[in-house]
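Have the sequence and the 3D view open as you read.

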Amino acid sequence: MENKEFEKIKEHFIEVNTDEKIRMYTTIQGLEQNQYKELLRFFPYNEIKKLEDALA
């Protein structure tokens, strides 16, 4: 995904609640592996199980 577009997504991702973060992380198309990793930096660690369950 183009960097400018990803930066907009990242800014929004940082601001939303955990459920919305999960929805975004599991539905956004076209992210590169390093972009997924970068979004994870802004995901609450204590909620990671919810994300794992959504990805299973």
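Start at L39: leaving out residues up to four places away in sequence, L39 touches F6, K10, F13, Y25 and L31, where contact means heavy atoms within 4.5 Å. Keep in mind that this is a predicted model, with local features needing pLDDT of at least 70, side-chain atom pairs counting only at pLDDT 80 or more, and totals for chains, interfaces and linings using all residues. Residues are numbered from 1 along each chain as its sequence is written, and side-chain values use heavy atoms, with hydrogens and water left out.

L39 also turns up in the largest nonpolar core, a 13-residue set where M1, F13, M24, I28, L31 and L39 have the most contacts. (Such a core is a set of buried Ala, Val, Leu, Ile, Met, Phe, Trp, Tyr and Cys residues joined through side-chain atoms within 4.5 Å.) Helices α1 and α2 are the elements giving two or more residues to this core.

How do those two helices meet? The axes of α1 and α2 come within 8 Å and cross at roughly 150°, which makes the pair roughly antiparallel (angles over 145 degrees count as that). Here is who makes the contact:

| Helix | Residues in the contact |
|---|---|
| α1 (residues 3-15) | I9, H12, F13, I14 |
| α2 (residues 18-27) | E20, K21, M24, Y25 |

By type, they divide into five nonpolar, one polar and two charged.

Finally, T18 sits in α2. T18 counts as buried because its relative accessibility is 16%, and buried means under 20%. Beyond its neighbours within four places in sequence, T18 is in contact with F43, P44 and E47.

Conventions
Helix = DSSP H or I, 4+ residues; strand = E, 2+ residues; numbered from the N terminus. Buried < 20%, exposed > 50% of the residue type's maximum accessible area, 1.4 Å probe, protein only. Axes fitted to C-alpha atoms, helices over the stretch in contact; angles between N-to-C directions. Parallel < 35°, antiparallel > 145°, perpendicular 65-115°, else oblique. Nonpolar A, V, L, I, M, F, W, Y, C, P; charged D, E, K, R; others polar.
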